[in-house]
Amino acid sequence: MHVDYSGPMAGVYDRGRRLPEASIRTWVESVAGYLPAGPQPVLDLGAGTGRFLRPLAEGLGAAMVGLEPAAGMRGHAAAKPGRAEVALVAGRAEALPFARGSFRAVWASQVIHHVFDLGAGARELRRVLVDGGRLLVRGLYEDVPTRWLLAPYFPEAVTICLARFPTIGAIREALTSGGFVEIAHQRIEQVVAETPGDFYQRTALRADSALALLSDSEFQAGLTRLRREVDVGTLSGPVTESLDLLVFH
């Protein structure tokens with residue numbers, strides 16, 4: 001199952017996956033406590049349209065390099081305004097185009113499930129990190145049927161997620177085999193949308209890969225379920241969720 005991130009997804013991703021500025025700050029502040037000192041830059045693995053790229057650069061005062069295989073996503077990331085200068089590079093986790101010890105940290109936000117060979121990716125990440133460097137993995141890889149906000153409305157998408165997403169146990173096993181040691185695991189709550197209406201509008205853009213893999217009829221049926229809850233007031237705002245942050249060195 002593959003989503004073309006250089007196709008229509010690139011055009012809607014920013015609006016469909018936008019987070020309020022306060023939520024972005026929450027993640028930047030969470031990362032700051034784990035970032036080791038050093039002159040090396042920080043790698044944003046699977047940077048997408050640069051949702052975190054410049055906020056991390058500005059909030060951490062760190063040089064940032066965004067790695068993104070999809071040309072369409074890189075194009076949107078390059079066009080984003082911001083005070084910080086960032087670099088964008090094409091490539092995948094399994095064959096990183098960087099020298100050994102190039103980075104002091106790697107930010108891997110909702111990208112691990114896109115790594116085809118997690119074992120190879122782990123070895124490559126270990127190679128490009130300095131000794132004592134940090135790998136910060138952000139995502140929802142545990143209890144998807146109960147924790148994912150869209151699970152009640154798109155049951156077929158839950159099945160897709162369970163088939164595509166590695167469990168936290170599998171992530172730990174692959175990273176440990178690649179030479180990493182886990183040093184922290186947090187669950188961090190973020191606001192996804194200020195109002196239920198905003199949540200519906202962003203969901204309707206179908207910018208989530210699991211939604212993109214549904215049939216059109218399955219997607220429309222789920223959207224109707226969500227619209228019904230928004231209309232009757234069952235869903236209240238702000239709409240929040242918790243994601244996992246796993247930290248390795």
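Predicted model: local features only at pLDDT ≥ 70, side-chain atom pairs only at ≥ 80, totals over all residues.

Visitor: What makes the chain count as compact?

Guide: Its radius of gyration does. With 249 residues, a compact globule would have a value near 18 Å. The chain has 18 Å, so the two agree. Along its principal axes, the C-alpha trace spans about 55 × 40 × 30 Å.

Visitor: How much of the chain is buried?

Guide: Buried residues make up 53% of the 249 residues. The word applies under 20% relative accessible area. The chain exposes about 10800 Å², and carbon and sulfur atoms supply 52% of that.

Visitor: What share of the contacts join residues at least 24 apart in sequence?

Guide: The share is 80%, counted among contacts between residues at least 6 apart.

Visitor: How many charged side chains are there, and how far apart do the centres of the two sets lie?

Guide: There are 26 positive and 27 negative side chains. The centres of the two sets lie 3 Å apart.

Visitor: Now single residues. Why is Glu173 called exposed?

Guide: Exposed means over 50% relative accessible area. Glu173 has 57%, so it counts as exposed. Glu173 is placed in helix α8, residues 168-177. Ile183 is ten residues from Glu173 in sequence, and their C-alpha atoms are 14 Å apart.

Visitor: Why is Arg147 called buried?

Guide: The cut-off is under 20%. Arg147 has 13% relative accessibility, so it counts as buried. Arg147 belongs to helix α6, residues 144-147.

Visitor: How do you know that the side chains of Arg147 and Asp244 make a polar contact?

Guide: A polar contact needs a pair of N or O atoms within 3.5 Å, one able to donate a hydrogen and the other to accept it. The distance here is 3.1 Å, and the pair is a polar contact. Beyond its sequence neighbours within four places, Arg147 also has Leu140, Glu142, Arg187, Ser242 and Leu243 among its contacts.

Visitor: Why is Asp143 called partly exposed?

Guide: That term covers values between the cut-offs of 20% and 50%. Asp143 has a relative accessible area of 40%, so it is partly exposed. Asp143 lies in the loop between β5 (129-139) and α6. Its phi is positive, about 60 degrees, although Asp143 is not a glycine.

Visitor: What about Arg206: buried or exposed?

Guide: Its relative accessible area is 19%. Buried means under 20%. Arg206 is therefore buried. Arg206 sits in the loop between α9 and α10. Its phi is also positive, about 60 degrees, and Arg206 is not a glycine.

Visitor: Which residues of helix α9 are buried, and what do they pack against?

Guide: In α9, residues 196-204, the buried ones are Pro196, Phe199, Tyr200, Arg202 and Thr203. They pack against α1 (8-16), β6 (182-193), α10 (209-212), α11 (216-232) and β7 (239-248).

Visitor: And which residues of α1 are buried?

Guide: They are Met9, Ala10, Val12, Tyr13 and Gly16. Their cover includes α4 (71-79), α9 and α10.

Visitor: Where does Glu94 lie, and which residues is it in contact with?

Guide: Glu94 lies in the loop between β3 (86-89) and β4 (103-109). Leaving aside neighbours within four places in sequence, its contacts are Val115, Phe116, Asp117, Ala120, Gly121 and Glu124. A polar atom of the Glu94 side chain lies 2.6 Å from the backbone nitrogen of Phe116.

Visitor: What is in contact with Ala99?

Guide: Apart from neighbours within four places in sequence, Ala99 is in contact with Arg127 and Val128. Contact means heavy atoms within 4.5 Å. Ala99 is also placed in the loop between β3 and β4.

Visitor: One last item. Which form does the peptide bond from Gly237 to Pro238 take, cis or trans?

Guide: That bond is cis, with omega near -5 degrees. Pro238 is found in the loop between α11 and β7.

Conventions
Residues numbered from 1 in each chain as written. Heavy atoms only, no water. Helix = DSSP H or I, 4+ residues; strand = E, 2+ residues; numbered from the N terminus. Rg over C-alpha atoms; globule rule 2.2 N^0.38 Å. Buried < 20%, exposed > 50% of the residue type's maximum accessible area, 1.4 Å probe, protein only. Areas by Shrake-Rupley, 256 points an atom, 1.4 Å probe, with all protein chains shown as cover. Lys, Arg positive; Asp, Glu negative; His and termini not counted. Charge placed at Lys NZ, Arg CZ, Asp CG, Glu CD.
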